[in-house]
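Reader: Could we go through this one together, a piece at a time? I will ask as I go.

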Amino acid sequence: KNQTDTILERETYILHSLKGFGIPEVKSFGQNSKYNILIQELLGKSLDKIFYEKNRKFSMKDCCMIGIQILDRLEYIHSKCFIHRDIKADNFLIGLKNKAIIYIIDFGLAKQFKSRKTGKHVKYAINKKWSGTSRFASANTLRGVEPSRRDDLESFCYLLLYLMKGSLPWDNINEESEINEILIIYKMKQYMTPEMLFRDLPLEMIKFYKYCKNLEFDQKPNYDFLRSLLINILNNIGEQNDLYFSW
């Protein structure tokens, strides 16, 4: 078996374990003489594709409603003892029939952060090989710390920042060596203050980011608190979470 096959098998197992709202349904999984084949329900475009079609501009209402749904998905995945580990705009797709539902996809890097039987959390560790997407990965992940729920949430902060501003502060780094590039991105994520990162955005976003950055390794996040910040932003701009997206 090659590595791709085992990743696909793992992903099928995880999708079966997660079965729920906003998670793509597995239609079938099997093998022929050459390949492993995973068939999932057909979904619509990715948030990244829609974002590009809109010249990388979403309204604040869109961003907050997207955020609320992503929080719901993360809370659900975490409640099943998994972390996603690759939060980015490419990995969220809208429904084909219902374009107001945002699905989370690509569980190739997902892993359990605690035992489903005993509830025991993985141990804190360093010098782990990091995986994911450096633009959105948490600072701790980039420096080789064992990932946990807090890292999904920090990545999610960078995703919101990207959708609200159209780019990330480290997008134009072009180092010849990947190690140097990751080091610069890590330093920017570690040392840029929340006020610098989220300048010109609602103050709730600074609170949101600070909360996620200050989570302990094995702490259960307060998803309701984070949702309330996004709902506050909506209220302040005279909008509500009515699922009327601009697409």
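Reader: Is Arg143 buried, exposed or partly exposed?
Author: Arg143 is partly exposed, because its relative accessible area is 41%, where buried means under 20% relative accessible area, exposed over 50% and partly exposed in between, with a 1.4 Å probe and protein chains only. This is a predicted model, in which local features need pLDDT of at least 70, side-chain atom pairs count only at pLDDT 80 or more, and totals for chains, interfaces and linings use all residues. Residues are numbered from 1 along each chain as its sequence is written, and side-chain values use heavy atoms, with hydrogens and water left out.

Reader: Where is Arg143, and what does Arg143 touch?
Author: Arg143 lies in the loop between helix 4 (139–142) and helix 5, where helices are DSSP runs of H or I with at least four residues, strands are E runs of at least two, and both are numbered from the N terminus. Not counting residues up to four places away in sequence, Arg143 touches Tyr124 and Tyr186, contact meaning heavy atoms within 4.5 Å. The C-alpha atoms of Arg143 and Lys187 are separated by 9.8 Å, although the two residues are 44 residues apart along the chain.

Reader: And Lys88, is that one buried or exposed?
Author: Lys88 counts as buried, because its relative accessibility is 16%. Lys88 sits in the loop between strand 3 (82–83) and strand 4 (92–94), and, leaving aside neighbours within four places in sequence, Lys88 is in contact with Thr133, Phe136 and Leu159.

Reader: Switching to helices: how do helix 5 and helix 8 cross?
Author: The axes of helix 5 (residues 149–165) and helix 8 (residues 203–213) come within 8 Å and cross at roughly 155 degrees; axes are lines fitted to C-alpha atoms, for helices over the stretch in contact, and angles run from 0 to 180 degrees between N-to-C directions. Helix 5 and helix 8 are therefore roughly antiparallel to each other, since angles under 35 degrees count as roughly parallel, over 145 as roughly antiparallel, 65 to 115 as roughly perpendicular and the rest as oblique.

Reader: Which residues make that contact?
Author: On the helix 5 side they include Leu153, Phe156 and Leu160, and on the helix 8 side Met205, Phe208 and Cys212 are among them. By class, the residues of this contact are 10 nonpolar, no polar and 3 charged, with Ala, Val, Leu, Ile, Met, Phe, Trp, Tyr, Cys and Pro counted as nonpolar, Asp, Glu, Lys and Arg as charged, and the others, Gly among them, as polar.

Reader: How does helix 9 pack on helix 8?
Author: The axes of helix 8 and helix 9 come within 9 Å and cross at roughly 170 degrees, so helix 8 and helix 9 are roughly antiparallel to each other.

Reader: What about helix 3 and helix 9, at what angle do they pack?
Author: Helix 3 and helix 9 (residues 223–236) pack at an angle of about 170 degrees, with their axes 9 Å apart. That contact has 12 nonpolar, 2 polar and 4 charged residues.

Reader: How many residues of helix 3 are buried?
Author: Helix 3 is mostly covered, with 15 of its 20 residues buried. Helix 3 is followed by Cys81, whose phi is positive, near 75 degrees.

Reader: Last one: how far apart are Asn36 and Asn214 in space?
Author: They are 41 Å apart, C-alpha to C-alpha, and 178 residues apart in sequence. Asn36 is in strand 2 (residues 36–40) and counts as buried, because its relative accessibility is 12%.
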